[in-house]
Amino acid sequence: MLEIDKLCYMSKLRYVNAGEKCFFSLASVILCIVSRSIPAALLLLLASTYLTVKKGGISLKRWLKYMTLPLAFLLLGTGAILINISRTPLDAFALPLGSVYLTGSRAGALQAAQLILTALSSVSALFFLSFNTPMTDILGVLKACRLPRLFTELMMLTYRFIFLLLENASAMLLSQDARLGNRSLRTVLKSRGLLASMLFIRAMRQAGSLYDAMEARCYDGQIQVLEEQRPPRPREILSIAVFETALLLLALLPFASRAAGMGAFL
């Protein structure tokens, strides 16, 4: 089982209505991305951290461990926006390198900060959903939204086969290590090629066995799964509505200030 799935089933928010968690995450991400507001991004980041760590029971160390992965990627990716090589120093900073400057502008720094906070807060909202909602509950929400049944069933089967492939790959890697299959670069390349080919063959065999097992159980084109009914609570709905309203107001704040500035100019 993946670590994220273990966190889902250990979370204190495991039995909260999945529709509420999905709406909170997706609505917050959409508002944050559309507005690119720094206050809205900070509010969403703090709320996702609080809900996951304090309410969900996930340790802060583990949460920060997962958040550092996208943060490192964002810092590297926004370097091109923040840092420029120019013969003319810009207004934010300038480091002389011979006849040119390693420099940046305040507008570029603001744009980089907006991009980093927007992406990081959106990832934190999706992490909140992933750490506190099992995949089966998310699929139940998709079914309730009237998504095509073929789409949800393919997601379910793909999700199931991820664990099978990981288990087979782990066993094969352990077997190769026991036979000194990774003692040199040449043997490593040969072992990885054999692993990929054998993993594909085993995946096809297991897919055939799974289909035979489903046919033996009167499979008629639809996968029937028992779902636990967890009705939404009015208090939780009110909390989500208040938070999304606050996020919307913060998202509209830059547009309101621009409109006020244009009105004063006119």
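**Entry 1: α7 and α8**

I looked up how helix α7 (135–144) sits against helix α8 (149–178) in this predicted model. Their axes come within 10 Å and cross at roughly 170°. Axes here are lines fitted to C-alpha atoms, for helices over the stretch in contact, and angles run from 0 to 180 degrees between N-to-C directions. The two helices are therefore roughly antiparallel; angles under 35 degrees count as roughly parallel, over 145 as roughly antiparallel, 65 to 115 as roughly perpendicular and the rest as oblique. Helices (H or I, at least four residues) and strands (E, at least two) are DSSP runs, numbered from the N terminus.

I then listed the contact, meaning heavy atoms within 4.5 Å. Met-135, Leu-139, Leu-142 and Lys-143 of α7 meet Thr-152, Met-155, Met-156 and Tyr-159 of α8. By class I get six nonpolar, one polar and one charged residues. Ala, Val, Leu, Ile, Met, Phe, Trp, Tyr, Cys and Pro count as nonpolar, Asp, Glu, Lys and Arg as charged, and the others, Gly among them, as polar.

Ground rules I noted: residues are numbered from 1 along each chain as its sequence is written, and side-chain values use heavy atoms, with hydrogens and water left out. Local features need pLDDT of at least 70 and side-chain atom pairs count only at pLDDT 80 or more, while totals for chains, interfaces and linings use all residues.

**Entry 2: α2 and α6**

I checked helix α2 (residues 18–35) against helix α6 (residues 106–132); their axes come within 9 Å and cross at roughly 170°. That makes α2 roughly antiparallel to α6. On the α2 side I found Lys-21, Cys-22, Phe-24, Ser-25, Val-29, Cys-32 and Ile-33. The α6 side has Thr-118, Ser-121, Ser-122, Ala-125, Leu-126, Phe-128, Leu-129 and Asn-132. The contact holds nine nonpolar, five polar and one charged residues.

**Entry 3: the sheet**

I traced an open sheet of three strands, in the order β1-β3-β2, with antiparallel pairing. Two strands pair if DSSP finds at least two bridges between them. β1 (84–86) and β2 stand at the edges with a single partner strand each, so one side of each has no neighbour in the sheet. Neighbouring strands are turned by 30° against each other on average, direction ignored.

Phe-93 has Gly-104 of β3 as its bridge partner. I found Thr-103 of β3 opposite Ala-94 and also opposite Asn-84. The β2 and β3 hairpin has two residues between the strands, and Gly-98 takes a positive phi near 75° there.

**Entry 4: pockets**

Grid points are joined across faces, edges and corners, and a volume is the space filled by probe spheres set on the points.

The largest pocket has a volume of about 660 Å³. Of its 26 lining residues, Met-135, Thr-136, Asp-137, Gly-140 and Glu-227 are the closest to the centre. α1 (3–10), α2, α7 and α8 each give two or more residues, and α7 gives the largest share, eight. The lining divides into 13 nonpolar, five polar and eight charged residues.

The second largest pocket is about 570 Å³. It is lined by 17 residues, with Leu-13, Val-16, Leu-51, Glu-236 and Ser-239 nearest its centre. α2, α3 (38–55) and α10 (234–265) each give two or more, and α10 has the largest share, five. I count nine nonpolar, one polar and seven charged residues in that lining.

Technical notes. 1 Å grid on protein atoms, 1.4 Å probe; cavity = no way out; pocket = protein on both sides within 12 Å on 5 of 7 lines; lining within 4 Å.
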